[in-house]
Amino acid sequence: MSWNQQLGKKFNKELILKEIFLHSDISRGDIIKETGLKKATVANLVNELIDENLILESGEEASTGGRRSKKLKFNEKAGFALGVDIGVNYIYGVVVNLRGEIIFEDVQTIHSAAFETYFERIISLIHLLMNKVPPCPYQIVGLGMAIPGIIDTGGNVLDAPNLQWKNIELKRMLEEIFQFPIYISNEANAGAYAEFTFTQNKEANNLLYLSVGIGLGVGIIINGKIYQGNNGYSGENGHTILNLNGKTCTCGRKGCWEAYASEHAALKEAENLINETSLTLEQLVQYADENNEKIRKLFQEIGFYIGIGITNLIHTFNPEKIIIGNSMTKAQRYVELALLETIEANTYPAHFETVSVEFSSLRGQAIAIGAATFIIDQFIELSSS
Ligand SMILES: [Zn+2]
């Protein structure tokens, strides 16, 4: 087979697999209609996919011509991916099937530890996840890990200010221990990818995912593809400057959006307001539930600042959808109104009328699922060659 033919075959096989992935219980005839491929091509490639356990034949469907054709299904249990979301105060891991559905999850809390301690905890979490993978044809298709920081295309963490990690060859270190493929991503990119791939947001081809955790970052989907910038560093909007002489940010500069609109900002401000230390976001939500006016006002202020930053994003990207995810979703009922009012008051009407701003339906799970999704995509792409 020539290189050109091989490329054509790979393209067609991926097309068929994606068609079956998107429409469960599809027939060979439907695939021919949807893809415009020849009958013989579809027949051959479908057989290959069945032999490779990537799709299954199920049931029978009466076709209009009187012939019966079997329906095809994507085999989401052919393999499993591991996803790990490294937070500043937690490590969250999932085992997902090839549809991104969680079959096991575990979360561990961790506080201001050195990298070595984090790394040990991460390794033991990965071993725990590995043990939960059920027997299946492809076993573990890989591990995706999301980090709140700047990641280069080689899987190195250049800078994660809230974790205080700098220049860590994370992918290489993990590859020395584990045999499966590994992909390191930025957490906001992972969240955006999960929201786009595995929720009802598939239709929104221009989507932004705002990760509001201890820090703040943005994952960008443009024309149905993730946009990572020239070097993979896009979406560092947490460090766009709202106030030239403002609060000091963890990055060392002054007045960053993150210093006003993140979980870190809320916790720091709350310590001053109610004179308590070692607070958590869950405690703040509880105080707000108990009608603590100071904390309720604080959440309104956080909502206002999230809204200001979102207004800037809307004016830059003219997106269809903005999804707010990560830990701040826990305080949705206290930040949402101020956030939406701020956006409405400050956005050009033409922009405002066409954008929807929502909180993530995947809540705290989006980032880990998204991290795993990058590796599932790699697997599916390789399987089609
Ligand atoms: Zn900053």
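Glu19 sits in helix α1, which spans residues 3-22; helices here are DSSP runs of H or I with at least four residues, and strands are runs of E with at least two, numbered from the N terminus. The model is a predicted one, with local features needing pLDDT of at least 70 and side-chain atom pairs counting only at pLDDT 80 or more, while totals for chains, interfaces and linings use all residues. Residues are numbered from 1 along each chain, and side-chain values use heavy atoms, leaving out hydrogens and water.

Glu19 is buried but has no salt bridge. Buried means under 20% relative accessible area, with a 1.4 Å probe and protein chains only, and a salt bridge puts a side-chain nitrogen of Lys or Arg within 4 Å of a carboxyl oxygen of Asp or Glu. The nearest side chain of opposite charge, Lys18, is 10 Å off. Leaving aside residues up to four places away in sequence, Glu19 touches Ile26, Glu34 and Thr35 (contact is heavy atoms within 4.5 Å).

Then there's the zinc ion. His239 (ND1), Cys249 (SG), Cys251 (SG) and Cys256 (SG) are its protein donors, at 2.0 to 2.3 Å; donors are N, O and S atoms within 2.8 Å of the metal, or 3.2 Å for Na, K and Ca. The arrangement is tetrahedral because the angles between the four donor atoms run from 106 to 119 degrees, and the cut-off for four donors is all angles between 85 and 135 degrees. Along the sequence, the donor residues follow the spacing H-x9-C-x1-C-x4-C. His239 and Cys256 are both buried.

Technical notes. Tetrahedral: all angles 85-135°; square planar, octahedral: opposite > 155°, others 65-115°. Buried < 20%, exposed > 50% of the residue type's maximum accessible area, 1.4 Å probe, protein only. Lys, Arg positive; Asp, Glu negative; His and termini not counted.
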